[in-house]
Amino acid sequence: MEYTYYLFYNSGSGGNRGQQFLQLDQKELSFNIKDSHCRVKFFNICDSKSREVGLQQIMKQKQENIHVVMAGGDGSIMWIVELLLQHQVNIHSCIIIPFPFGTGNDFANTLGWGTTVPNDVIGMDSIVLKGFVEEWMEGVESYFDVWDVDIRLQQGGYISEIKRNENGVGEIKLQLNNQRYYKQMINYFSIGVDARIGFGFDKNRTSNQCCNKCVYCWEGFKKMFLKTPKVNQSIENIHNLNDDDLLESGLIQKSKDEIVVPGNPVNLLCLNINSYAGGLKNIWLNAQQNQVKSYSNIPSVSDGLLEILSFNSILGLGSERLIPGQATRLSQSKGPLKLNFKQNELLRTYFQIDGQYFSITNPSSVLIRSCQSLPQGKIRVLINKKGLLK
């Protein structure tokens with residue numbers, strides 16, 4: 001039997017660790033594993049010529065199972081999916097395999113591939129790479145939900161993110177069409193203080209993965225002394241557009257004349273996976289049960305549901321890793337889920353999508369729904385059952 005793996009690498013991910021593949025760009029390594037012949041072909045997704053060569057080779061494949069490895073961070077996963085769609089490749093003929101070279105790698109972690117890889121994958125006769133290929137050969141395929149996040153702004157509203165260039169680090173406004181920002185989501189969406197911590201982290205992140213964890217902790221400590229709008233200070237109401245108003249299903253409650261999320265939380269978190277913030281696992285399973293309604297204890301990446309939770313304090317958010325159970329379960333939703341923001345006052349808050357952090361001024365609404373550009377809103381992925389989160 002023969003296996004071919006098209007390995008696209010993001011040379012800038014995880015402190016530029018992906019650059020170790022540059023010497024093999026548009027080349028291949030082949031070796032025998034357990035009576036099977038394996039080939040790994042390398043393409044730089046950051047280089048238009050290199051990635052085009054790889055995509056053209058995939059387009060010529062007639063088989064139903066094309067193994068596409070993405071060596072990068074979580075953001076690189078949808079990059080390669082979007083490129084495959086642009087080239088009119090049947091996306092369900094491709095099995096996406098995450099190779100965790102980014103900073104957080106929650107997507108890879110959820111599928112059992114861990115949160116990091118050794119610094120030298122192709123050294124020493126490619127022993128490390130061969131080990132991964134052997135695991136890929138034994139992997140089990142599954143479908144994986146993908147979601148659209150569609151953000152609308154009020155007149156004069158804007159979204160900012162942190163960018164780095166040769167002149168340093170700075171906050172820039174995104175160029176938007178019709179006051180609208182759209183992005184696909186595979187891991188999670190949140191709004192509130194966790195995104196503000198991440199926004200500050202982006203300003204001060206380093207090229208060292210270990211140092212970055214210290215930077216993140218420091219940013220969390222600083223934000224304890226700064227005012228970030230709580231969820232109920234920024235969100236007017238939340239609706240499930242395909243079902244009853246979530247006011248009746250436990251996500252929000254009415255107190256006097258205001259609709260509020262229970263507990264007056266500092267952030268609202270919509271989870272698609274069982275990993276968050278660089279390996280924080282089982283938040284939904286450990287979370288406190290909202291008394292209004294009982295929910296499934298076994299969320300899945302292919303069940304078409306989002307798990308919606310909240311944290312009531314920065315301290316609770318920060319201590320979840322050491323003392324699980326700080327979050328509160330609010331709801332599970334198949335979407336579309338719409339968050340409407342308060343309109344009659346100047347509002348600046350923060351949100352994140354898959355670990356990419358933004359500041360947002362005068363938002364109007366956020367709509368989260370199953371991805372419209374993918375069949376059934378799903379991609380095919382490979383799972384390492386031996387490494388699945390427990």
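## Strand E22 and the sheet around it

Strands E5 and E22 run parallel and are joined by two bridges. In this pairing, Ile96 stands opposite Val381 of E22. The model described here is predicted.

E22 covers residues 378–383 and also pairs with E6, here in the antiparallel sense and over six bridges. Two of the partners can be named. Asp145 has Lys378 of E22 as its bridge partner, and Phe144 has Ile379.

E22 is mostly covered, with six of its six residues buried. In a regular strand the side chains alternate between the two faces of the sheet. For E22, one side carries Lys378, Arg380 and Leu382, the other carries Ile379, Val381 and Ile383, and all of these are buried, so both faces are covered.

**The sheet as a whole**

The open sheet has seven strands in the order E2-E3-E1-E4-E5-E22-E6, and its pairing is mixed. E2 (28–33) and E6 (140–145) are the edge strands; each has a single partner strand, so one side of each is left without a neighbour in the sheet. On average, neighbouring strands are turned by 30 degrees against each other, direction ignored.

Helix H2 (residues 48–59) lies across E1, E3, E4 (66–72) and E5 (94–100), and runs at about 140 degrees to E3. Helix H3 (residues 74–86) packs on the sheet and touches E1, E4, E5 and E22; its direction makes about 140 degrees with that of E4.

Ser50 has its place in helix H2. Ser50 is buried, with a relative accessible area of 0%. Leaving aside neighbours within four places in sequence, Ser50 is in contact with Asp25, Gln26, Phe43 and Asn44.

Gly12 lies in the loop between E1 and helix H1 (13–16). Gly12 and Gly72 are 60 residues apart in sequence, while their C-alpha atoms are 8.1 Å apart in space.

**Aromatic rings**

The aromatic pairs number 15. One of them, Tyr3 with Tyr5, is stacked, with 6.3 Å from centre to centre and 5 degrees between the planes. Tyr3 and Tyr5 are both buried. In another pair, Phe8 and Phe43, the ring centres are 5.4 Å apart and the planes stand at 35 degrees, so the pair is tilted. Phe8 belongs to strand E1 (residues 2–9) and Phe43 to strand E3 (residues 36–44), so this pair ties together parts that are 35 residues apart in sequence. Both of these phenylalanines, Phe8 and Phe43, are buried.

One aromatic cluster is formed by Tyr3, Tyr5, Tyr9, Phe21, Phe42, Phe99, Phe101, Phe132 and Trp136.

| Charged residue | Ring | Distance to ring centre |
|---|---|---|
| Lys173 | Tyr158 | 4.0 Å |
| Arg329 | Trp284 | 4.9 Å |

**Nonpolar cores**

The largest nonpolar core holds 76 residues, and of these Phe99 and Trp136 touch the most other members. Which residues are in contact with Phe99, leaving aside its neighbours within four places in sequence? They are Leu7, Phe21, Val69, Met70, Ala71, Gly72, Val117, Val121, Leu129, Phe132 and Trp136. Another core, of 29 residues, lies apart from the largest one and has Tyr181, Cys270, Phe341 and Phe358 among its members. Phe99 and Trp136 also belong to the aromatic cluster, together with Phe21 and Phe132 among others.

**The whole protein**

The protein has 10 helices and 22 strands. Of its 390 residues, 54% count as buried. Among contacts with a separation of 6 or more, 75% are between residues 24 or more positions apart.

Technical notes
Residues numbered from 1 in each chain as written. Predicted model: local features only at pLDDT ≥ 70, side-chain atom pairs only at ≥ 80, totals over all residues. Heavy atoms only, no water. Phe/Tyr/Trp six-rings, centres within 6.5 Å; stacked < 30°, edge-to-face > 60°. Buried < 20%, exposed > 50% of the residue type's maximum accessible area, 1.4 Å probe, protein only. Helix = DSSP H or I, 4+ residues; strand = E, 2+ residues; numbered from the N terminus. Lys NZ or Arg CZ within 6 Å of the ring centre and 35° of its normal. Pairing = 2+ DSSP bridges. Axes fitted to C-alpha atoms, helices over the stretch in contact; angles between N-to-C directions. Contact = heavy atoms within 4.5 Å. Core = buried A, V, L, I, M, F, W, Y, C linked by side-chain atoms within 4.5 Å.
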